[in-house]
Amino acid sequence: MKIPLTPIRFLRYAHEQFPNKVGVVCGEQRFTYAQFAERAARLAGAVIAAGAKPGDRIAFLSTNCHRLLEAYYGVLEAGCVLVPLNIRLGPAELAFVLNDAQARFLFVEPVFLPLAESFRTTVPSIEASFLLHGQPQANWLAPGNYDELLSVSPPFQCDFMQIDEDSLAELFYTSGSSDRPKGVMLTHRNVYLHALSVIAAGQTSPSTIGDMSCKSVLLHTIPLFHANGWGTAHTITVAGGTHVMIHHFNPVEVFHLIERERVSTCAMVPTMVTALVNSPARPKYDLSSLQVIIIGGAASSPTLVKEVEEKLGCTCISGYGLTETCPTLAKSPMKSDLPLEGEQRYTRQAMSGFAIPGVELRVLGPDGKDVPHDGTVMGEIVARGDAVMEGYWRQAEATADAMQGGWFHTGDVATVDRYNYIQIVDRKKEIIVSGGENISSLEVEKVLSAHPDVYEAVVIPVPDERWGEVPKALVTLKPGSQVQEDDILEFCRSRLSHFKCPRSVEFLESLPKSGTGKVLKRELRQKYGTAPKSTVA
C-alpha cells in the first residue's frame, strides 16, 4: 500500500489521537487539537472560496502566532503553497519575493500594514490582502479579518490520497546575504520525511535529548519564517505536543512562558541563548521544566554550552541545517560510545553534530574526494537525503549548480572526525585567507567568547599590505567590564596560533542582527572590513 507522504496527515493524526489536548498556546488563547484542526480546515475553505486554485502561492507576513501555525496545514489542505515572509525584509525585498513567487493572496498582521502599504502597488499578482486580526480600515484590504473569515467558511479537508507527494508544499526564500533571495522548493514528501527523521533522531538518541512525545512543550522562540523554526510546526504536531507561541524574543517573556507553560524544549540561535544566560531576571523564574535547548542558525561555542547547562539547568546541544534541507541535517548529542565528561563533553555538544536518520553527509576537498576523518582537514559539506529541496524556484541553473553529482553543496566549510561529527569552520565565502593560510573566523570567535568579559564577538577580514587580509575582532562587552584591546589580544595569543589571532579589536555597543538574532556579518564586513569573497583560496 502506498499512501502519499504529506504533512496534512500530521494534523489529521493529532486531531484523531489527542482531540482534547491543548495543542497551541498563543498569549491568553488556548486551542485543543480538535480546534486547531477545525481552524486549519476552515482556512482551507476560506481561501478556496476566495478563488484559490491548486498550486497558488499564499503569503503570510506575520510574527509567530496561532494563525501562522494554522497556515502550515490549512494552506496545504486547499492544495496551495505556503510562502512565509521574513518580517525583517524591507519593502523592495518583500516586493521582489512576492513578485518572484507570483503570490495571489497575502495575509498580514496589523503591525505590518504600513510595510505592506509601501510595496503593495508594486506586486500586481496579489489579488486580495487579508488582515490577521483587528478591523480593516484601508480600502485595499478584504472585508473582515482572518477570524471572521473562518467563522463564515465551511471546513474543507482534501482527499490526501489524491495529493502528489512530489508537488510543492512550501516556498521559503533564502536570506539573500550575497545575492538576490532564492525560493527554496520543499515538497510534501520533503516536509513529511524531515519531520519523521527529526523525531527518529530524538527517539534513537542514547539519552532523552530531542525526545518528541505528547509531553513535549516547545516554545517557538525562532520565527516560523526561518529555517530553524518551520520544521517544528510539524514535529510537535504529529507527536501531539504543545506549541507555545511568542511574537518577539524577549528574555523576560521567555522565562515567563517557560515557567507558566512548563516548557520542555527551545530552539535558539547563539545570540538568544547568550541573552538568556546573562539576563539578571533569570534567577526570578522557575525553569526546572526545561530539558533541552538546541542551538542552531550559527556556530555555538563550548563556553556557551557550559553556561547554558550550568545557569539554565538543562542539556544543551547544537544542530545544523539550511533552508534547502527543511532544515535539519545534524545534531550533536553524545554518542553512547563517547562517554566524555566536562570540557570534552561541552566541546562535543558545541559541534555541528552527526547526520540524523535519513541524511548522508560528506566533507569534500577541492579535488572532490572525501577529506580524512581527522578533525583537521577542511572541505565543503555536501548532503543527500529525503528532506533536501526539490530545487530553487524558477532557477534551473542555480539548482543544477547546487546539486552537482547528486549531492546538495552547502557552501559550508567543515572538518569531520573519526566519530563522524561535523564541525563547521566557516562559510566558503567567509574564510579569511591571510598570507596563503586559511583562517576560520568561527574558531577565533569561539576563543573570544571564552573570555569572561566578552558578551558577543565576531571576526572579519580587513586588508593588510603584507598578508592580503588579517582577522579583526568586533566585540561587545558585558556590563561593567573595563577590559582593553591588549587584554583581548593577549587572551587570543595564549590560545591560538599567532597567524590566527586578531590583529586589532574594536569595541561596539551592539552587533547588527537579523530577525532571528543572527549576527549580520555581511553588514560588518562592508563597514569595517572587506567585501565577501566568492571562493576559498
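Author: Two strands count as paired if DSSP finds at least two bridges between them. The model discussed here is predicted.

Reader: How many bridges join strand S13 to strand S14, and do they run parallel or antiparallel?
Author: Strands of a sheet pair through backbone hydrogen bonds, either parallel or antiparallel. Strand S13 covers residues 292–295 and strand S14 covers residues 315–321. The two are joined by 4 bridges and run parallel.

Reader: Which are the edge strands of the open sheet?
Author: The sheet has 9 strands with mixed pairing, in the order S2-S1-S11-S10-S12-S13-S14-S15-S16. An edge strand here pairs on one side only. That describes S2 (29–32) and S16 (354–355).

Reader: At about what angle does H2 run to S2?
Author: Helix H2 spans residues 33–49. It lies across S1 (22–26), S2 and S11 (242–245). Its angle to S2 is about 90°.

Reader: Where does the largest share of the largest nonpolar core come from?
Author: This core has 83 residues, and Leu43, Ile58, Phe60, Val75 and Phe107 touch the most other members. Its largest share is 8 residues, and these come from helix H2.

Key:
Residues are numbered from 1 along each chain as its sequence is written. This is a predicted model: local features need pLDDT of at least 70, side-chain atom pairs count only at pLDDT 80 or more; totals for chains, interfaces and linings use all residues. Side-chain values use heavy atoms; hydrogens and water are left out. A nonpolar core is a set of buried Ala, Val, Leu, Ile, Met, Phe, Trp, Tyr and Cys residues joined through side-chain atoms within 4.5 Å. Buried means under 20% relative accessible area, exposed over 50%, partly exposed in between (1.4 Å probe, protein chains only). Contact means heavy atoms within 4.5 Å. Axes are lines fitted to C-alpha atoms, for helices over the stretch in contact, and angles run from 0 to 180 degrees between N-to-C directions.
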